[in-house]
Amino acid sequence: MPDYLDDLRLAHVLADAADAATMDRFKALDLKVETKPDMTPVSEADKAAEELIRGQLQRARPRDAILGEEYGLEGTGPRRWVIDPIDGTKNYVRGVPVWATLISLMEAGEGGYQPVVGVVSAPALGRRWWAAKGHGAYSGRSLASATRLHVSKVAKLSDASFAYSSLTGWEERGRLNGFLDLTREVWRTRAYGDFWPYMMVAEGSVDLCAEPELSLWDMAANAIVVTEAGGTFTGLDGRPGPHSGNGAASNGLLHEELLGYLGEHA
């Protein structure tokens, strides 16, 4: 089995470059923000970070394909880098420090492309998380200064902490009742939003999280970090991996109950 460690090291280099670019424009008074056709915001920093990552990948991995939120798919082949230059753009443009660059390498296999490397870098929080297939998940300042991540062992909903992003998506999809029922069953709920709940699941500080609408670049890096930390990542349909257009992550012990409240068959 490939060890993917060279790819993981490259992903860290890419994240370092993106962090420098995004932090340089964070809270800038002259930051330019546009609205995309789907009415979501995109800043000049989103575009600059993705261009930077793409440029480095084209030099370091010229045979690999690249899929990014801002510029789409470029190239073909069994290896595909998936990039979200700033996950949490609405936070970024308002000066809230909860945003991250998500970088994942996916490889073609059974059931389509699957993530084999993931880096989630949140420079305004001073945090970074990463994983490579078969090597576990870690958090720290660098590859040489890291702590291995493990999901929690909480086995009852009444003891569990559940994290989410917002209520509106669940309401728009007619699933607000199931969502609210779940919040009444668990010990604690918090709307940390975006990438952060998945990282908290991986490090064991949160037990469950879910979002009703996501793109592949929102999920690929998160999925490999959660699963390498011993957790479970599926769509709301129960399909493993980041391919369902939505996401559910847990410590594994509570996953069936999570899907029971929020899943597409609930």
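Start by selecting Ser139, which is buried at a relative accessible area of 8%; buried means under 20% relative accessible area, exposed over 50%, and partly exposed in between, with a 1.4 Å probe and protein chains only. The model is predicted: local features need pLDDT of at least 70, side-chain atom pairs count only at pLDDT 80 or more, and totals for chains, interfaces and linings use all residues. Residues are numbered from 1 along each chain as its sequence is written, and side-chain values use heavy atoms, leaving out hydrogens and water.

**Around Ser139**

Ser139 sits in strand β9, residues 137–142. Helices (H or I, at least four residues) and strands (E, at least two) are DSSP runs, numbered from the N terminus. Now show the side chain of Ser139. One of its polar atoms lies 3.0 Å from the backbone oxygen of Arg128. Next, display the neighbours. Not counting residues up to four places away in sequence, Ser139 touches Arg127, Arg128, Trp129, Trp130, Ser145, Ala146, Thr147 and Leu149. Contact here means heavy atoms within 4.5 Å.

Select Tyr4. Its phi is positive, about 65°, although Tyr4 is not a glycine. Tyr4 belongs to the segment before α1 (5–25). Is Tyr4 buried or exposed? Tyr4 is buried, with a relative accessible area of 6%.

Jump to Asp194. This residue also is not a glycine, yet has a positive phi of about 55°. Look for Asp194 in the loop between β12 (188–190) and α6 (196–203). Asp194 is partly exposed, at 24% relative accessibility.

**Salt bridges**

A salt bridge is a side-chain nitrogen of Lys or Arg within 4 Å of a carboxyl oxygen of Asp or Glu. By this rule the count is 13. Select Asp7 and Arg79. Their side chains form a salt bridge, 2.8 Å from N to O. This pair links distant parts of the chain: Asp7 is in helix α1 and Arg79 in strand β5 (residues 79–87), 72 residues apart. Asp7 is buried at 7% relative accessibility. Arg79 is buried too, at 19%. Together with Asp7 and Arg79, they are linked in a network of salt bridges.

Go on to Glu50 and Arg54. Their closest N and O atoms are 2.9 Å apart in a salt bridge. Both residues lie in helix α2 (residues 44–60), 4 residues apart, about one turn of the helix.

Then pick Asp181 and Arg184. These side chains meet in a salt bridge of 2.9 Å, N to O. Helix α5 (residues 176–185) holds both, 3 residues apart. Asp181 is partly exposed, with a relative accessible area of 36%, while Arg184 is exposed at 58%.

**The open sheet**

Finish with a sheet of 5 strands. It is open, with mixed pairing, in the order β12-β11-β13-β15-β14. β12 and β14 (232–234) stand at the edges with a single partner strand each, so one side of each is left without a neighbour in the sheet. Neighbouring strands are turned by 15° against each other on average, direction ignored. Two strands pair if DSSP finds at least two bridges between them.

Zoom in on β14 and β15 (residues 247–250). They run antiparallel and are joined by 3 bridges. Thr232 stands opposite Ser250 in β15. Last, show α6. This helix packs on the sheet, touching β11 (161–163), β13 (208–211), β14 and β15.

Methods
A polar contact is a pair of N or O atoms within 3.5 Å; within protein, one must be able to donate a hydrogen and the other to accept it, and residues adjacent in sequence count only if both atoms are side-chain atoms. Axes are lines fitted to C-alpha atoms, for helices over the stretch in contact, and angles run from 0 to 180 degrees between N-to-C directions.
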